[in-house]
Amino acid sequence: MTAAMLQLDRPAGHPAPLIDPFARAITYLRVSVTDRCDFRCVYCMSEHMSFLPKADLLTLEELDRLCSAFVAKGVRKLRMTGGEPLVRRGIMTLFASLSRHLGTGALDELTVTTNGSQLAKYATELKNCGVERVNVSLDTLDPDKFRAITRWGELPQVLRGIDAAQAAGLKVKINAVALKGVNDEELSDLVAWAHGRGMELTVIEVMPLGDIGEERLAQYLPLSLVRAKLAERYTLEDIDYKTGGPARYVRVAETGGRLGFITPMTHNFCESCNRVRITCTGTLYMCLGQEDAADLRAPLRASQSDEPLYAAIDEAIARKPKGHDFVIDRRHKRPALSRHMSVTGG
Ligand SMILES: C[S@@+](CC[C@H](N)C(=O)[O-])C[C@H]1O[C@@H](n2cnc3c(N)ncnc32)[C@H](O)[C@@H]1O
Ligand code: SF4
């Protein structure tokens, strides 16, 4: 069914659902609520980042209105990310207000990707807002390496956050970026630790986003090598588990746990892409790996009515590209995209 047909069929008062030119329904919105962070991970930010002036940011009320417009247009899953979403002042009021869409059944899931530093403080509140699952980014269990990777982070604080999240009844998934010469020897222990605590683990390949003042090639570790190394210790059974996202999953026979691989460099996961991203200034990115974007802040602020906003969203989704083209090789040492991951939230 085309977007035009859906438009004609829709009941009065319901904005048309989001179907892109390749017939993919857009049901997943990732929202970067701040570009700021209390860490400076080496693959994500340079040590001396300049951040957006606070006046450029959407207010929490505006973020609510923007998210709610997407929910009205058929988005079923919202993920708050950043920067570090849990360092934005007052962020729990956004979770609390968005939870009304869970109550009405319009939304299936409200969730968050976090570095875990503030989880000890917020885990219970998140659970009370209807959040069921959180993704925590953690690349190593070695406190010194943790400090080296995050520059400003402290491992015990994150581990306390994970404890608090599990104690509050949140399901925790760990995301680890594979870094050559840094955590490659440790990933199999990370599998045992995560699965031993009933947490899923996903390993992510470094993506060429943003100028981070480090040699990208030096960090890049293809997951084919990670998988081969893990297979020396574990029996990895391919499973047909799909989330609509870029991860491919295996079951680790020895632990019974699930292990995901996100391989943007070595596999193309765009075909089934159901997601778009908005930044904290209201810019909509239709693809993580492309520059094309649409400004939603202007239509949001221009009118009390949501109609101009719906029209701007429709116009942008009609431009969603088929896929991206990341390249890290010896001829392409520069970032494929100039923006940092902390802008779009990964
Ligand atoms: C940008 S962070 C934002 C949310 C939160 N601060 C966190 O770290 O989970 C989201 C995810 O992107 C990952 N990430 C950041 N830069 C990356 C890069 N260049 N390549 C691959 N993953 C990256 C992080 O490891 C994290 O799992
Ligand atoms: S990966 Fe997350 S925690 Fe690390 S610097 Fe980027 S936004 Fe902050």
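## The nonpolar core

The largest nonpolar core of this predicted model has 94 residues, and Phe70, Leu78, Met80, Phe95 and Leu126 have the most contacts inside it. Such a core is a set of buried Ala, Val, Leu, Ile, Met, Phe, Trp, Tyr and Cys residues joined through side-chain atoms within 4.5 Å; buried means under 20% relative accessible area, with a 1.4 Å probe and protein chains only. Helix H2 (residues 60-72) gives this core its largest share, seven residues. In soluble globular proteins, nonpolar side chains tend to be buried together.

Leaving aside residues up to four places away in sequence, Leu78 touches Leu29, Val31, Cys67, Val71, Leu98, Leu107, Glu109, Leu110 and Thr111, a contact being heavy atoms within 4.5 Å.

## The protein as a whole

There are 13 helices and 12 strands in the protein, taken as DSSP runs (H or I, at least four residues, for helices; E, at least two, for strands) numbered from the N terminus. Of its 346 residues, 54% count as buried. Among contacts with a separation of 6 or more, 72% join residues 24 or more positions apart. The accessible surface is about 15,100 Å², and carbon and sulfur atoms hold 52% of that; such areas come from the Shrake-Rupley method with a 1.4 Å probe.

## Around the ligands

Ligand 1 is surrounded by 18 residues, with Tyr43, Gly83, Glu84, Ser137 and Met207 the closest; a surrounding residue has a heavy atom within 4 Å. Its polar contacts (pairs of N or O atoms within 3.5 Å) include a nitrogen atom 3.0 Å from a polar backbone atom of Tyr43. A nitrogen atom of ligand 1 also sits 3.2 Å from a side-chain N or O atom of Glu84, and an oxygen atom is 3.2 Å from a polar backbone atom of Thr114. Taken alone, ligand 1 exposes 540 Å², of which the protein buries 95%.

Which residues are around ligand 2? They are Cys37, Phe39, Cys41, Cys44, Met45, Gly83 and Asn115. By class, this shell has five nonpolar, two polar and no charged residues, with Gly counted as polar.

## A buried loop residue

Ser117 lies in the loop between strand E3 (109-114) and helix H5 (119-128). Ser117 counts as buried because its relative accessibility is 5%. Beyond residues up to four places away in sequence, Ser117 touches Asp38, Phe39, Gln157 and Val158.

## Reading notes

Residues are numbered from 1 along each chain as its sequence is written, while chains are lettered from A and ligands numbered from 1 in the order in which they are written. Local features need pLDDT of at least 70, side-chain atom pairs count only at pLDDT 80 or more, and totals for chains, interfaces and linings use all residues, with side-chain values using heavy atoms and leaving out hydrogens and water.

Definitions and conventions
Polar contact = N/O pair within 3.5 Å; in protein donor to acceptor, adjacent residues only side chain to side chain. Buried < 20%, exposed > 50% of the residue type's maximum accessible area, 1.4 Å probe, protein only.
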